[in-house]
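Subject: Model handover and findings

Hello,

Here is the structure for you to look over. My notes follow below it.

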Amino acid sequence: MDNLVFEESLNTEVEHSEFINKKWIYVNDNNNGSYASQVVLDSTALSNSGSWINWNEAFILMPIVVQLTCATPGNLPLNSNVADYSWAFKSGFWQMIDSMTVEFNNQNVIQTTPFTNVFRSFKANTTFSCDDIKNHGASTGFFPDTAGSWAYSTTATTDQFSGRGGACGISNNANGVLRTGFGGTTGGTAVYINNEVMGDLSLTTDVGSGVSNPNTLGGSYAVNEGMKRRQEWVGYSANVLSTTSGLNQTAVNSGATSQSLFRSVKTNQIAGNVAWTVYAKLRLKDLADFFEKVPLLKGSTIRFLINTNQSITQFTKTAGTIDAATSAMVQPVILVDSSTITGGRTCPLMIASHNYGSGGCTLGAGVYTLTCSIFKNNFSAQGNQVSATIPCRLYAAAYTMNPLAESKYLSLAPTKRVLYKDIFQYQYTNVGAGQTFNFLASNGINRIRSVLVVPFINTTTAGAIANINTNINSFTTPCSATPAMPDPIMISNFNILISGMNLFISNELYDFEAFREQLMSANQLNGNLTTGLTSGQISEDDFSRGYRYYYGDCSRSLPSEENVSRSVQVIGTNSSLVPCDLYVFVEFMKEITIDLTTGARID
């Protein structure tokens, strides 16, 4: 401390800046209003600005329209808040992206890799600090889901989790609960308790029986706090606050004002039809490592071809009942009738649980359609078509250098060698319960940096799981947080073989080995070795309950072996009671050399 005081007293303030100007400029997409599956962005206009572009700060603004309709208009009354907590985005707005190709000066630098959102979720979960979430969470839509709040349902009517999604398998959509001892009825209809967490709940006639620890019915794992927070970020509804809470914020900020400022807001409501416009920000450095490593550039053009995930989901709610005298409950049931993904492979939205106390319980019995699209509603199933005010945009920070600084910059580094990581993806499907697996993910990749294995429950194989709705799976279900987190599949006896050599000296048998020896330091600040200065959102408890990423650091090798193609083999045992699919992501190093004077790629 004394040394710090002394050094600060000697510190000399910098009197000048290397830059004389900084401005934010943007370019609209090339889609001309058509967003069926792909978004195309070209930075030529930015490159012609004559400024130095800092791609590390750049982001894509993606206006997203979410719309909920009901065949029974009275279930969604005009100027009502009954639907405000009925849905949420899955964690991270990158769930809107299935795959992405990036071209630098008309040459590919980021290859098209399916399920990019799975890997980007892993990166966010292992790199974001709590302060990052505070500062950037609302903009990026990222707040991790609660690891232990998931439930599992194989039936549509007989288990207490059918209100979260009957026969849907994994669900993690409980954003509120019914408080113990609360009367909970008004004329036989449950009263919505806004996201309260309680310590005691029973869904049977024995209301006071309590719950075990841990349990998805009580305690810290009763509610998906991440889902709840993401709903609050995008669900602003200025036009109804004065009538529902007495806050009367509309006297200062109206819904129309929010729309004109491009604030995420509920923008349209007629009976039976509610819409939200959400202005998502996709930071380029969250989408690809290339944008974290590329230097200030002038004259270079970058082109994005983004294959999107847009969805249309139809679900049916069956009403539950509560006996006003005895508090005996029959929970509501929600059935996903269909979940269609256009252009991509995953559903970016979640439907809130319809159990009493959760956000969906306020919806009346009936058939609903929930859609998610870019810029405007693309689905004929929604009778009232809604569109955003602006198209997708690419924003970037443009700097003007002091001439002396620019001359120094170019003289010190006339060319820049950029090392960055790209990913290769492989799928190994239908590993039976209790079965071992041993498969070759790739027979030749050089400069390997890491291998990530992400498990998901297999429901596509006929008869894989009795009674599961095979029309949906972990990626298309709106009841699960997947793919923002893995499915909670236990894997033991795990190892990664690089060119036939074990990465781990012995197979990982136990949870604490898989977490502490590999995952705990993955992408972490200082490898999570500095107490008081860390990052990442996955604790050992989170790993054991839900965030079961199986990871191996492969970056340690002799320089002479760097450019040698090496095979990747994965072995282990599915120790869970359900079959699973394994999604493997191999991270490898690439490089380009750029002439900073012209912005040209010279390798």
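Start at Phe-104, which stands opposite Gln-107 in S6. This is a predicted model, where local features need pLDDT of at least 70, side-chain atom pairs count only at pLDDT 80 or more, and totals for chains, interfaces and linings use all residues. Residues are numbered from 1 along each chain as its sequence is written, and side-chain values use heavy atoms, with hydrogens and water left out.

**The sheet**

S5 and S6 run antiparallel and are joined by three bridges. Two strands count as paired if DSSP finds at least two bridges between them. Strands (E, at least two residues) and helices (H or I, at least four) are DSSP runs, numbered from the N terminus. S5 and S6 belong to an open sheet of four strands, in the order S2-S13-S5-S6, with antiparallel pairing. Strand S2 (38–42) and strand S6 (107–110) are at the edges with a single partner strand each, so one side of each has no neighbour in the sheet. From one strand to the next, the twist averages 25°. For the angles, axes are lines fitted to C-alpha atoms (for helices, over the stretch in contact), and values run from 0 to 180 degrees between N-to-C directions.

**Aromatic pairs**

Phe-104 also belongs to one aromatic cluster with Phe-290, Phe-291, Phe-304 and Tyr-420. Rings of Phe, Tyr and Trp (its six-membered ring) pair if their centres lie within 6.5 Å; planes under 30 degrees apart are stacked, over 60 edge-to-face, and the rest tilted. The count comes to 35 aromatic pairs by this rule.

Take Tyr-35 and Phe-375. Their ring centres are 5.5 Å apart and their planes are at 50°, so the pair is tilted. Tyr-35 is in the loop between strand S1 (19–28) and S2, and Phe-375 in the loop between strand S19 (366–374) and strand S20 (393–401), so the pair ties together parts 340 residues apart in sequence. Both Tyr-35 and Phe-375 are buried. Buried means under 20% relative accessible area, exposed means over 50%, and partly exposed lies in between (1.4 Å probe, protein chains only).

Phe-115 and Phe-475 have ring centres 4.8 Å apart and planes at 45°, so this pair is tilted. Phe-115 sits in the loop between S6 and helix H3 (116–127), Phe-475 in the loop between strand S23 (448–457) and strand S24 (491–498); the pair therefore ties together parts 360 residues apart in sequence. Phe-115 is buried at 5% relative accessible area. Phe-475 is buried at 5%.

Asn-31 is in the loop between S1 and S2. At 11% relative accessibility, Asn-31 is buried. Its C-alpha atom is separated by 8.5 Å from that of Pro-391, 360 residues apart along the chain.

**Salt bridges**

A salt bridge here is a side-chain nitrogen of Lys or Arg within 4 Å of a carboxyl oxygen of Asp or Glu. By this rule there are 18 salt bridges.

Asp-98 and Arg-345 meet in one of them, at 2.4 Å from N to O. Asp-98 lies in strand S5 (residues 97–104) and Arg-345 in the loop between strand S17 (333–342) and strand S18 (349–351), so the pair ties together parts 247 residues apart in sequence. Asp-98 is buried at 1% relative accessibility, while Arg-345 is partly exposed at 39%.

Asp-145 forms a salt bridge with Arg-230, with the closest N and O atoms 2.9 Å apart. Asp-145 lies in the loop between helix H4 (130–140) and strand S7 (151–153), and Arg-230 in helix H6 (residues 225–234), so parts 85 residues apart in sequence are tied together. Both Asp-145 and Arg-230 are buried.

Asp-422 and Lys-590 meet in a salt bridge at 3.4 Å, N to O. Asp-422 is in strand S21 (residues 415–431) and Lys-590 in strand S28 (residues 580–595), 168 residues apart. Asp-422 is buried at 4% relative accessibility. Salt bridges with shared partners also join Arg-417, Arg-447 and Glu-591 into one network.

Regards
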